[in-house]
Amino acid sequence: MLNRRGVFGIVLGVCVALLATAFYMEHVKGLEPCPLCWLQRYAFMVVGAVSLLAVVHNPGGLGARVYGSLLALFSGLGLALAGRQLWLQSLPADQVPACGPSVEYMLDVLPLSEVLATAIRGTGDCAEVVWRFLGLSIPGWTAVFFTLLVITGLVMLLRAPGSAK
């Protein structure tokens, strides 16, 4: 049985590995992330940051529950973003929204609230499937990992495992 610090350490390692994979796919494989991909990356960064704080803090029962609830909350938000992108990818071609400008361009010319609203709505870029592994697209895999992280957060919230050693 893992202790609390070990569980949060594994979550941190998973987030780091997933973000490293995302940056590899972008910078080495040349896959340009869409606005929803960027938001999912930020969700993994926040989940990783919460996990890092939990590892450093090494919380007792109540603290582990607080960190677990934050883990479940932010992973749930990431899962919703991945679900939105999967929905966009399932649309017939004639119902896919138009492609939009790059995230970098939007950040340069639009207020942050508009950039976030546009990113959450998704663009035609978000509906494009450019990579698959075992039949799942990138948001399919992020949905799998966010689901596992939500479950981990809920377990920590409802029954913080192990001692705080």
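Predicted model: local features only at pLDDT ≥ 70, side-chain atom pairs only at ≥ 80, totals over all residues.
Local features require pLDDT of at least 70 and side-chain atom pairs pLDDT 80 or more, whereas totals for chains, interfaces and linings use all residues. Residues are numbered from 1 along each chain as its sequence is written, and side-chain values use heavy atoms, without hydrogens and water.

The protein contains seven helices and two strands, arranged along the sequence as α-α-α-α-α-α-β-β-α; these elements are DSSP runs (helices H or I, at least four residues; strands E, at least two), numbered from the N terminus. Of the 165 residues, 38% are buried, that is, under 20% relative accessible area with a 1.4 Å probe and protein chains only, while exposed means over 50% and partly exposed lies in between.

Three aromatic pairs were counted, with ring centres of Phe, Tyr or Trp (its six-membered ring) within 6.5 Å; planes under 30 degrees apart are stacked, over 60 edge-to-face and the rest tilted. The rings of Phe44 and Phe146 are stacked because their centres lie 4.0 Å apart and their planes meet at 10 degrees. This pair links helix α2 (residues 35-57), which holds Phe44, to helix α7, which holds Phe146, across 102 residues of the chain. Phe44 and Phe146 are both buried.

Helix α7 (residues 138-158) supplies the largest share of the patch, four residues. Ile151 lies in helix α7 and has 46% relative accessibility, so Ile151 counts as partly exposed.
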